[in-house]
Amino acid sequence: MSVEIWSLPLEGPRFEDAIAVYGAAFALPPYSDPDRGREVRQRILDVHSSRDGFRGFIACDEPGGAVVGMIYGYHGKPGQWWHDAVARAVDRDREDRWLSDSYELVEVAVDPAYQGHGVGQRLIAALLQDRPEATCVLSTRTDSRAHQLYRRLGFQVIHMMRFSPNGAPFFVMGRPLPYDVAPAEPAPGHRAALS
Ligand SMILES: CC(C)(COP(=O)(O)OP(=O)(O)OC[C@H]1O[C@@H](n2cnc3c(N)ncnc32)[C@H](O)[C@@H]1OP(=O)(O)O)[C@@H](O)C(=O)NCCC(=O)NCCS
């Protein structure tokens, strides 16, 4: 049995399974948002999947097995909500360095039962492989553990900000591309197949 990475389909049972995994991951603290899966499903189909550079991947726990993780991203551009919000918040030097030719890691989630075993790292490597942009950028809540993974993968904090007045604080993080991180080691005691 092995974790395999496949392209994210935009319809059918594997797409719905990927959304269910996403929903389960974001239903837990610190996000605790039971509606987020449904919202992201609509955003992917209505807006994000037609953006330049869109691509997504799923992780399956064996060939043809259950979906245990998903990720997607696209090329960032002025006129996009996240890009403009971050560009307004940072100084001109940081905007030039990090946002002028950037790939956005928009969403990543791993089934809570599979977290901490290298699936997220595998998905990030698949997403960023051979991307031609100068940087990869993302935002993550400061009270989530995800930023530890991103730091380990060479991301640095560019800025800390809120996306709405009463919203949670986020780290905006970035790393230069190309992505050159060695493949994840399997966690001790976990299925070797996750390597
Ligand atoms: C963040 C996430 C995608 C990482 O996937 P993963 O498969 O657990 O990640 P990996 O096993 O490749 O790496 C584990 C690292 O992620 C971090 N991490 C984040 N959440 C974790 C969790 N619930 N369990 C274990 N590690 C977690 C740890 O710091 C760990 O780093 P370390 O190995 O240096 O201690 C996943 O934990 C998840 O879906 N979290 C909820 C949703 C979320 O926060 N998404 C990102 C929003 S920007």
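What pLDDT does the protein average, and what percentage of the residues score at least 70? I noted first that this is a predicted model, and then I found an average pLDDT of 93, with 93% of the residues scoring at least 70. I also looked up residues 188-195, where the pLDDT is below 50, although this stretch has 13 contacts in the model beyond near neighbours in sequence.

Next I followed the strands, and I found an open sheet of seven, with mixed pairing, in the order E1-E2-E3-E4-E5-E7-E6. At its edges I found strand E1 (4-7) and strand E6 (156-162), each of which pairs on one side only. I looked up the angle as well: neighbouring strands of this sheet are turned by 25° against each other on average, direction ignored.

For Cys-60, I found that the bridge partner in E3 is Val-67.

Last, I turned to the ligand, which has 20 residues around it, and I wrote down that Gln-115, Gly-116, Gly-120, Gln-148 and Leu-149 come nearest. Helix H1 (13-26), strand E4 (102-110), helix H5 (119-128) and helix H6 (146-152) each supply at least two residues of this shell, and the largest share, four residues, comes from H6. By class, I recorded nine nonpolar, nine polar and two charged residues in the shell.

Methods: Residues numbered from 1 in each chain as written. Predicted model: local features only at pLDDT ≥ 70, side-chain atom pairs only at ≥ 80, totals over all residues. Near = placed C-beta within 6 Å. Nonpolar A, V, L, I, M, F, W, Y, C, P; charged D, E, K, R; others polar. Pairing = 2+ DSSP bridges. Axes fitted to C-alpha atoms, helices over the stretch in contact; angles between N-to-C directions. pLDDT = per-residue confidence, 0-100. Contact = placed C-beta atoms within 7 Å.
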